[in-house]
Amino acid sequence: MEKPFGHVCATFRDFLLRLFNKEFLIFLFFLLLSGVFWLIMTLNESMERDISVPVEIVNVPEDVVITSDIHDTIKVTLRDKGYTMGAYFYGQDIQPLKVNFANYAKADGHATVSNAEMQRLLRQQLYKSTEIVAVKPEKMDLYFNHGTHKKVPVVYKGRVTAAHNYYVTRIQMEPDSVTVYALNSTLEKIDEVSTEYLSLSELNANTVKDLRLERITGVKTVPSQVKVDILVDILTEKTIEVPITAVNMPEGKVLRTFPSVVKVTMVAGSQLVDEIRASDFRVEVDYHDIEKSPSERCSLHLTAIPAVVNRATMEIEQVDYLIEQK
């Protein structure tokens with residue numbers, strides 16, 4: 001067993017000697033040397049890279065509420081030698097851009113940090129050789145006030161439809177109102193806040209969505225999003241008998257109809273249909289109609305229908321009648 005094993009080891013040793021002979025090692029040396037030269041040349045060339053720089057608003061007074069969205073980062077395009085750019089990415093971390101609120105705030109509740117000003121603040125921590133090619137956004141707009149606010153209702157913005165034989169019973173928000181912060185001139189124009197637009201169709205079950213509120217320039221809403229509950233119910237058919245009522249009758253006269261009640265068929269949600277009563281409807285005969293167009297039968301009018309009812313119809317639209325003198 002030892003002899004074959006020794007033969008294998010000797011064969012492997014001879015292979016390594018042939019592989020790592022003098023010529024091969026020289027080839028590896030020059031290959032490594034050319035790679036180093038290429039890297040040095042590459043790093044010595046100018047290049048552009050995009051970096052993200054955090055932004056911090058500092059020295060904001062306690063009584064000030066910033067009512068606009070704050071850019072938490074800016075995108076910066078830098079140009080410099082490759083080794084300098086490498087220092088930014090793998091060595092020296094660029095610190096957050098600190099914007100001193102007091103330096104830019106104006107009495108009208110608006111502060112603007114220009115692109116040139118952002119570059120000035122950024123340059124303080126860059127190498128002198130580094131060129132700032134671009135900064136986005138072009139400027140930073142801040143709106144603020146000193147706590148002026150009011151509470152307004154939230155309204156759903158969108159379109160909701162139910163599946164066949166279903167209907168949307170209601171759409172409710174939680175919370176149903178929010179606090180808005182803005183300048184007095186802006187607050188006077190705000191009576192409600194809408195959700196972001198959402199369209200839903202063919203609903204056959206209750207649906208819950210978290211929606212952000214519509215953004216208004218210079219306005220901060222607390223909270224900034226709401227939970228929307230869209231309640232759906234299946235439609236159920238029901239028929240009830242509703243008394244016929246005569247209206248506009250002259251004094252001393254009584255109108256009797258045959259029959260005295262009429263069947264009304266309606267469709268409503270399964271959770272509400274059992275609560276619907278005949279007294280929720282009103283079926284009328286108008287004496288003025290009889291005077292204008294005398295006939296053996298009078299027309300019925302369904303004048304009151306509960307809001308929760310869909311497609312209410314009467315079984316008949318005319319009945320026999322008799323006018324009696326009291």
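Modeller: Quick definition before we start: strands here are DSSP runs of E, at least two residues long, numbered from the N terminus. And keep in mind that this is a predicted model.

Biologist: Is Asn165 buried, partly exposed or exposed?

Modeller: Buried needs under 20% relative accessible area and exposed needs over 50%. Asn165 has 39% relative accessibility, so it counts as partly exposed.

Biologist: Which strand does Arg311 lie in?

Modeller: Arg311 is another non-glycine residue with positive phi, near 50°. Its relative accessible area is 58%, and the cut-off for exposed is over 50%, so Arg311 is exposed. The strand covers residues 309-314, and its name is β22.

Biologist: On to the prolines. What is omega for the cis peptide bond between Glu174 and Pro175?

Modeller: Pro175 is found in the loop between β10 (166-174) and β11 (177-181). The bond joining Glu174 to Pro175 is cis, with omega about 0°.

Biologist: And which residue is joined to Pro259 by a cis peptide bond?

Modeller: Pro259 lies in the loop between β17 (253-258) and β18 (261-269). Omega for its cis bond is about 5°. The partner residue is Phe258.

Terms used:
Residues are numbered from 1 along each chain as its sequence is written. This is a predicted model: local features need pLDDT of at least 70, side-chain atom pairs count only at pLDDT 80 or more; totals for chains, interfaces and linings use all residues. Side-chain values use heavy atoms; hydrogens and water are left out. Helices (H or I, at least four residues) and strands (E, at least two) are DSSP runs, numbered from the N terminus. Buried means under 20% relative accessible area, exposed over 50%, partly exposed in between (1.4 Å probe, protein chains only).
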